[in-house]
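Please consult the sequence and structure shown below while reading.

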Amino acid sequence: MIFITLEHISAHVSFSLTFVITLIYWGTLVYKSEELSNSGGRGMIVTCICITGVLVARSLYSGHLPLSNLYESFMFLSWTSSMIHIVIELRGQDAWWLGAITAPSAMLTHGFATLGLPDKMQQSAMLVPALQSHWLMMHVSMILLSYATLLCGSLSSIALLVIASQINQKIFLNVNNSFLHDQEKKELKHTFYLSFRNYRKWVFINQLDQLSYRAIGLGFSLLTIGILSGAVWANEAWGSYWSWDPKETWAFITWILFAIYLHTRINRGWKEEKSAIVASLGFILVWTCYLGVDLLGIGLHSYGWLL
């Protein structure tokens, strides 16, 4: 009983913290303040500790790793988002804007788990025979870690596209509003482009591009390990390495898309807007693979809430 109480307290505290931290980091986008950024960073550490308390308490009273249902997986995803933020900050990188991506991710996944799911789905239950395996930790943890890092990379690419479109629109308006010849317009457009490259927004775009590339590179590796370990586990549980279950199919489609992203970036030299478009599509695929298949009650991997 004490562990259940501890879980509930930690869950409520951590969600409240993620909400406040999200507002803090969104505030830093309008008014850059080192004090606000530092307080947000400390808040993310406390949030991570609280969510860790939720997962540990649930593990103690359930008797198994808290990765067996949709509620637990969403809480683990929220914990991973906060950990990504902490790890990047500990590396000493100047990414004051990072919390504007990781904090809302942690808040929304946490909020969906605690407020969006019915009470029945939040309760811990005995593991079904297929989940009573040592592959549970290996496969599910790798998959969820990959989802968190891939979503972080995809969100960074979406933010990059939004900022780049604003810059391009401003250049376009300035060029077309001037009564210049075509050659002069081209020179003016180039001048505007270079001037923006020397200022904050271009630096911001470059940082977003690098974060997206590194996060997706890591997430792709984790997804590969998760798919391979899942295949081995499926052979033990169901007698087949691959059965084209909807979850498996969408995981493979997601893997292909991010493989295309890495291929075009490494071998074709795609950067910034071009690669960001591919990564942005991955945001939709990850959520389809993770949540869409589960909630529609399709296949062996589904949690069957909507149907």
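## Surroundings of Ser10

Apart from neighbours within four places in sequence, Ser10 has contacts with Cys50, Gly53 and Val54. The model is a predicted one. Ser10 belongs to helix α1, and a polar atom of the Ser10 side chain lies 2.9 Å from the backbone oxygen of Leu6.

Ser10 counts as buried because its relative accessibility is 9%, under the 20% limit for that class.

## Overall architecture

The protein chain contains 10 helices and zero strands. Read from the N terminus, its elements follow the order α-α-α-α-α-α-α-α-α-α.

Of the 307 residues in the protein chain, 45% are buried. Among contacts with a separation of 6 or more, 79% are between residues 24 or more positions apart. The protein chain has an accessible surface of about 15,900 Å², and carbon and sulfur atoms contribute 67% of that surface.

## A nonpolar surface patch

Phe19, Val20, Leu23, Trp26, Leu29, Val30, Tyr31 and Leu36 make a nonpolar surface patch of about 820 Å². Helix α1, which covers residues 2–30, supplies the largest share of this patch, with six residues.

Leu29, one of the patch residues, is found in helix α1. Leu29 has a relative accessible area of 39% and is therefore partly exposed: partly exposed residues fall between the buried limit of under 20% and the exposed limit of over 50%.

## Helix α9

Helix α9 comprises 21 residues, numbered 246–266. From the first C-alpha to the last, helix α9 reaches 30 Å, close to the 30 Å expected at 1.5 Å a residue. At the start of α9, the backbone nitrogen of Lys247 has a side-chain oxygen of Asp245 within 3.1 Å.

Which residues of α9 are buried? They are Lys247, Glu248, Ala251, Thr254, Leu257, Phe258, Tyr261, Leu262, Thr264 and Arg265. In an α-helix, residues three or four places apart point the same way, because there are 3.6 residues a turn.

Note on methods
Residues are numbered from 1 along each chain as its sequence is written. This is a predicted model: local features need pLDDT of at least 70, side-chain atom pairs count only at pLDDT 80 or more; totals for chains, interfaces and linings use all residues. Side-chain values use heavy atoms; hydrogens and water are left out. Helices (H or I, at least four residues) and strands (E, at least two) are DSSP runs, numbered from the N terminus. Buried means under 20% relative accessible area, exposed over 50%, partly exposed in between (1.4 Å probe, protein chains only). Contact means heavy atoms within 4.5 Å. Accessible areas come from the Shrake-Rupley method with a 1.4 Å probe; for residues, only the protein chains shown count as cover. Patches are made of residues with over 30% relative accessible area and no salt bridge: like charges are joined within 9 Å, nonpolar side chains (Val, Leu, Ile, Met, Phe, Trp, Tyr) within 5 Å. A salt bridge is a side-chain nitrogen of Lys or Arg within 4 Å of a carboxyl oxygen of Asp or Glu. The expected span of a helix is 1.5 Å times one less than its number of residues. A polar contact is a pair of N or O atoms within 3.5 Å; within protein, one must be able to donate a hydrogen and the other to accept it, and residues adjacent in sequence count only if both atoms are side-chain atoms.
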